[in-house]
Amino acid sequence: MPTVVIIGAQWGDEGKGKIVDFLTEKCDYVVRFQGGCNAGHTVVVDDEKYILHLIPSGILHKNKKCIIGNGVVLDPESLLKEIDTLIKKGVEIDNNLYIAKHCHLIMPYHIAIEEQSEKKKKIGTTKKGIGPCYTDKIARNGVRMIDLLYPEVLKNKIQANLEIINFLLKNLYNAETLDEQKIFSQYMDYAEKLKKYIDDVDIMINNAIDNGKNVLFEGAQGTLLDIDHGTYPYVTSSNTVAGGACTGAGVSPKKINKIIGIVKAYTTRVGEGPFPTEIKDELGEQIRQKGGEFGATTGRPRRCGWLDLVGLKHSARVNGFTGIAITKLDILDGIDKLKVCVGYKYGNTVLEEFPKELEILEKCTPIYEELPGWNESTKGIKDYDNLPDNAKKYLQFIEDSLKVKIQIISTGQKRDEIIIKEFPL
Ligand code: GDP
Ligand code: IMO
Ligand code: MG
C-alpha cells in the first residue's frame, strides 16, 4: 500500500542513496522525479561501491522497476555510460529501467552555455547542463525524450535552439560554436540505444499504486538546494522538495503516504553559497577526511559544518516529513563536544527561522547549543540500545527540536550498518 518519498533535508549528499537502497527491499518501484546527473548517490553492497547518477538506487536489487520520471533532465551520454558501468558489475538493466516520454534531454549546448555562464557568475554548479536544460524546458524550447523517435522534430528543435545558442557563444562569450549536424546524428545514435526504455511511466506508476504496489520516490539534491525554497540563487534548478515528486512523476498528492527526510548527523555543502555552521578549522578537515566528504559527481571537497536545526526546521516544514533518517552518526564518534545550531544571530536580533534573504543569511552567525560527544565507536551498530548514552541524547535533541520521529539511524556505508527504530513504510 505505501508510497514513500525520500528527500534530502540539507544541501545534498545526506546519504539518500544508501537509505533508498535499504528500503527498496520492501518496494516494487523506485522513481527519480527531478534533477539529473548532477546527483551522485553512493551505495555500498558487499564491499562493492556503486555511484548512481540518473538511475534510481533501487537498481541494485533484483527485479525492481526503476523509473526516470518526467521531472528529470536526462543526459543520454551520461545515462549510457552509467548503464554500461552497471552492466559490467553484473547489474541487470533491461526489463528494469523505464524512462518517461516527456522528460527533457540535456543537449551539448546546455553544457557549453553553462561552462561560459559559470565563468561570469559562479554558482559552483556540477557543469552538467542542468540549469540551462531546465531553462529551455520552462521557456518551452526543450527537447524531450520522445523527440528522439521523431527525427524531423528533433532536427528542427536543435536547429532553432542552436541559432540562439551559437549567437551567444560567438558574440557574448567569444567561444566556439556547435555543429548542428553533429549533434543531430549523435542524438539519433542515442535514440537507437535508448528507445527500448521509453514508456508512459506516469501510467505505470499510477497503475502500480492503484494495484497496491509499494512505490518509493527517490529525491536528488536537498531541500536547501531547492529552486524555490533553497538559498537562491545558490541552488539547483529543480524542486527538490517532496511536492516535486508529484509533478515530476505525474502522481497526485492524494497518493503520497510517507515523506522521509534524510538528515546527515552534521552538515555538508558543495559549491558556492552561504553556510552559517561551516567549520573552517582543522576539525572541518578531520570530518571531511573521516566522512569521505568529496563529491560523488565532481570529486570536489565538500564544505563541512555542524548540524543546523534552523535550516532543518524549515526543511521539515516545507516537506512535511513523517519521519527522519539520521545518517553518518559514526562520523561524529570521538569528537569531544558537539555543537548544534539552534538559532541565528543577525546584528542584534535572534532569528529562529531560516531567512529568505540571502543578504541576511550571509551575515548570520549561528547560536550553538553544546552537547557532550562520545568516545565509543558507533560504526556498524544495529541495535538502538547499544548506542552510547550521549549519542542517544544527541538524537533525542534533534527529534525534540524538529518534532519529527527519527525512524532510521545509519551507522556505516554498508547496507546492514543501520538501526531501524520504527520501520517507516
Ligand atoms: P546522497 O547523494 O544523498 O545519496 O549521498 P552521497 O552518496 O553523495 O554521500 C553520502 C556518502 O556517505 C556516501 O559515500 C555513502 O556511502 C556514505 N554513507 C551513507 N550513510 C553512511 C553512514 O551512516 N556512515 C558512513 N560512514 N557513511 C555513510
Ligand atoms: P545529490 O543528489 C550536493 C549543487 C552544486 C551547486 C548547485 C547547483 O548527490 O545529493 P547544478 O549542477 O545542480 O546546477 O549545481 O547544486 N549540487 C549538489 N550538491 N549533492 C548533489 O546531489 C548536488 N547536485 C547539485 O554543487 O552548488
Ligand atoms: Mg550525492
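Good morning. The centres of domain 2 and domain 3, taken over C-alpha atoms, are separated by 38 Å. The contact between them draws six residues from domain 2 and five residues from domain 3. About 390 Å² of area is buried between domain 2 and domain 3, and carbon and sulfur atoms give 52% of that area. On the side of domain 2, Lys122, Gly124 and Thr126 lose the most area to domain 3, together 64% of what that side buries. Please keep in mind throughout that this is a predicted model.

Domain 1 covers 3-99 together with 198-259, domain 2 covers 104-194, and domain 3 covers 264-420.

An open sheet of ten strands, with mixed pairing, has the order E9-E7-E5-E2-E10-E1-E11-E15-E19-E20. Its edge strands are E9 (198-199) and E20 (418-420), each of which pairs on one side only. Within this order, E5 (residues 65-68) and E7 (residues 97-100) pair in the parallel sense over three bridges. Isoleucine 68 has isoleucine 99 in E7 as its bridge partner.

Strand E15 (residues 323-327) contains alanine 325. Is this residue buried or exposed? Alanine 325 is buried, because its relative accessible area is 0%. Leaving aside residues up to four places away in sequence, alanine 325 touches Ile19, Ile260, Gly261, Ile262, Val263 and Ile408. Threonine 277, by comparison, is 48 residues from alanine 325 in sequence and 21 Å from it in space, C-alpha to C-alpha.

Another set of strands is arranged around E16 (residues 337-346). Strand E14 (residues 307-308) runs parallel to E16 and is joined to it by two bridges; aspartate 308 has cysteine 341 in E16 as its bridge partner. Strand E18 (residues 365-372) runs antiparallel to E16, with eight bridges joining them. Strand E17 (residues 349-351) is also antiparallel to E16, joined by three bridges. E16 and E17 form a hairpin with two residues between them, and in the turn glycine 347 has a positive phi of about 60 degrees.

Let us move to the nonpolar cores. In soluble globular proteins, nonpolar side chains tend to be buried together. Which residues touch the most other members of the largest nonpolar core? They are Phe217 and Tyr394, in a core of 103 residues. Helix H6 (residues 180-194) supplies the largest share of this core, six residues. Apart from this core lies another, of 14 residues, including Val4, Val20, Leu216 and Ile262. As for tyrosine 394, the residues it touches are Ala265, Leu307, Leu329, Leu332, Leu338, Val340, Leu371 and Trp374, again not counting residues up to four places away in sequence.

Helix H7 comes next. Its buried residues are Val201, Met204, Ile205, Asn206, Ala208 and Ile209. Asparagine 211 lies in the loop between H7 (201-210) and strand E10 (215-218). Asparagine 211 counts as exposed, because its relative accessibility is 60% and the threshold for exposed is over 50%. Tyrosine 232 is 21 residues from asparagine 211 in sequence, yet 40 Å from it in space, C-alpha to C-alpha. Also just after H7, glycine 212 takes a positive phi of about 80 degrees.

Finally, the metal site. What coordinates the magnesium ion, ligand 3? The ion is coordinated by Asp13 through OD and by Gly40 through O, at 2.0 to 2.2 Å. Aspartate 13 is in the loop between strand E1 (3-8) and helix H1 (16-24), while glycine 40 is in the loop between strand E2 (29-32) and strand E3 (41-45), so the pair ties together parts that are 27 residues apart in sequence. With a relative accessible area of 22%, aspartate 13 is partly exposed. Glycine 40, at 11%, is buried, since buried means under 20% relative accessible area.

That concludes the presentation. Thank you for your attention.

Definitions and conventions
Residues are numbered from 1 along each chain as its sequence is written. Chains are lettered from A and ligands numbered from 1 in the order in which they are written. This is a predicted model: local features need pLDDT of at least 70, side-chain atom pairs count only at pLDDT 80 or more; totals for chains, interfaces and linings use all residues. Side-chain values use heavy atoms; hydrogens and water are left out. A nonpolar core is a set of buried Ala, Val, Leu, Ile, Met, Phe, Trp, Tyr and Cys residues joined through side-chain atoms within 4.5 Å. Buried means under 20% relative accessible area, exposed over 50%, partly exposed in between (1.4 Å probe, protein chains only). Helices (H or I, at least four residues) and strands (E, at least two) are DSSP runs, numbered from the N terminus. Contact means heavy atoms within 4.5 Å. Donors are N, O and S atoms within 2.8 Å of the metal (3.2 Å for Na, K and Ca); water is not among the atoms, so sites may look incomplete. Two strands pair if DSSP finds at least two bridges between them. Domain bounds come from an automatic or database domain assignment. Buried area is the accessible area (1.4 Å probe) that two parts lose on being put together, summed over both.
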